[in-house]
Amino acid sequence: MKCKVCGTEYPDKKSQCPRCGCRKGETVPANLKCKRCGTTFNSRHKTCPACGIVVSPTTAEVAFLPPSNAKAQMKRRIIWGALWLGLVLVCIGEAFLVKAIYARSAQNKAEELWEANDRIEDNRREPDPIYKQPVVADTPDSLINDLIMHDAEVDSVNSDHTERGDTTMIVEEEL
């Protein structure tokens, strides 16, 4: 079929022209564009809604529809939907895999404890090494005496300090 407004050929199964938007068989375009202000409006208006000029063939022209990209939008939606679905399925699969691994390791540990010759000592667990009390080695007496002597020397140096204002000065002994 050929549009009577813009002359575009389009399939008979379409109800309106894909270029100008007029209905099949009509001679009036669906939308007009004001030549004065550039506003696009419905052709039923007698004046431009933006500037108020009276609609005539000299003041308005046919407003063509932007090309349809519905197929591209649908393709993008399908791709994004598939990506999200894939991500969800991967997360669910990973959760089941982790659960299965931990369940198997717990089962192996239970089997080891079961086959421990029925002795309570073999079934007792060691406490976690992180929470064990640290072992402190005995400090030799000579080291303790050295620390006491060092503290005495520090105390004698501190007694020689003289305070002046907000700074501390060390008074040096003359040799």
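Predicted model: local features only at pLDDT ≥ 70, side-chain atom pairs only at ≥ 80, totals over all residues.
Q: In which order do the three strands of the open sheet lie?
A: The pairing within this open sheet is antiparallel. Strand 2 (40-42) and strand 3 (60-62) are its edge strands, each pairing on one side only, and neighbouring strands are turned by 40° against each other on average, direction ignored. The order of the three strands is 2-1-3.

Q: How many disulfides does the count come to?
A: A pair of cysteine sulfur atoms has to lie within 2.5 Å to be taken as a disulfide. The closest cysteine sulfur to that of Cys6 belongs to Cys17 and is 3.6 Å away, which is too far for a bond. For Cys20, which is buried with a relative accessible area of 0%, the closest cysteine sulfur is in Cys22, at 3.6 Å and likewise too far for a bond. By this rule, the number of disulfides is zero.

Q: Which residue's backbone oxygen does the side chain of Thr59 reach?
A: Thr59 is found in the loop between strand 2 and strand 3, and is buried because its relative accessible area of 16% is under 20%. Leaving aside neighbours within four places in sequence, Thr59 is in contact with Lys33, Cys34, Lys35, Arg36, Ile53 and Val54. The backbone oxygen that the Thr59 side chain reaches, at 2.8 Å, belongs to Val54.

How values were computed. Residues numbered from 1 in each chain as written. Heavy atoms only, no water. Pairing = 2+ DSSP bridges. Helix = DSSP H or I, 4+ residues; strand = E, 2+ residues; numbered from the N terminus. Axes fitted to C-alpha atoms, helices over the stretch in contact; angles between N-to-C directions. Buried < 20%, exposed > 50% of the residue type's maximum accessible area, 1.4 Å probe, protein only. Polar contact = N/O pair within 3.5 Å; in protein donor to acceptor, adjacent residues only side chain to side chain. Contact = heavy atoms within 4.5 Å.
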